[in-house]
Amino acid sequence: KARYPLHFIKFEDDLFAAKTSWLREFSSKYPARIGVPFNCLQRFELVNDERAKLLKDAGCVSVGLSIESASPRIRRDILRRDMALTNDEIRDRMRLLKAHGLNVMTSHILGVPTSSMEDELTSLKLSSDGGADFAGAAILFPFPRTAIHDYCAAQGLLPDSLAESGVSLQQKSQLKGFTDREKDTQWNLSNFWPVMVKFPALRPLLLVLARNAPALSIFSLVHVLGKTYLYSRY
């Protein structure tokens, strides 16, 4: 802080302050010793009134949380994410954070094997209903030596050649099992996602484009502009 123009900190720990006792100590010391506003990552299971207040008192501005999918089946059976919360509980914990003056950022995964357009739209609605200030959606990529890669291999969903070079989570799905139209729609949705969650009035138009337009490169500009604006504000 003494050496650089430090105005904001983004803690990239997958789970910031896992122990509430540690967070109590941090919340009492950080404002006086550092005092720089920050963003951190949390798990929905740990969100409660005390922790939200401690984060706010410490100087936290925004909290990132992973939803992945609003389908409990996909979370449990495909992504192997053991999150024993209902969608109503997820939504209510987002609202709890916002009630304490914290901005909420959520992340989702599109193009998960066996997922449908209905699943994607349910995920979008969950973030919107919870009041997410920024919601991002990446398209699933089955990185080798991961459980999802093994699942895709067992189900015959991997392409003959998995292009790992220059992989981006914003590229179209490489998996078999989705039609070209579905892959275009997933890609369009991933680009429109932040704007559709934060600005529901634009959602009908963007959904029509996502469902019917090809994967146009210009749509990535919508994502970049939306993310830049929402990140800088929230």
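Trainee: Why is serine 115 called buried?

Mentor: Buried means under 20% relative accessible area, with over 50% exposed and partly exposed in between (1.4 Å probe, protein chains only). Serine 115 has 11%, so serine 115 is buried. Keep in mind that this is a predicted model, where local features need pLDDT of at least 70, side-chain atom pairs count only at pLDDT 80 or more, and totals for chains, interfaces and linings use all residues. Residues are numbered from 1 along each chain as its sequence is written, and side-chain values use heavy atoms, leaving out hydrogens and water.

Trainee: What does the side chain of serine 115 reach?

Mentor: The backbone oxygen of valine 112, at 2.6 Å. A polar contact is a pair of N or O atoms within 3.5 Å; within protein, one must be able to donate a hydrogen and the other to accept it, and residues adjacent in sequence count only if both atoms are side-chain atoms.

Trainee: What makes phenylalanine 16 and phenylalanine 26 an aromatic pair that is edge-to-face?

Mentor: Rings of Phe, Tyr and Trp (its six-membered ring) pair if their centres lie within 6.5 Å; planes under 30 degrees apart are stacked, over 60 edge-to-face, the rest tilted. Phenylalanine 16 and phenylalanine 26 have 5.3 Å centre to centre and 80° between the planes, hence edge-to-face. Both residues are buried.

Trainee: How do you know that lysine 227 lies over the face of tyrosine 231?

Mentor: A charge sits over a ring if NZ of Lys or CZ of Arg is within 6 Å of the ring centre and within 35 degrees of the ring normal. Lysine 227 lies over the face of tyrosine 231, at 5.4 Å from the ring centre.
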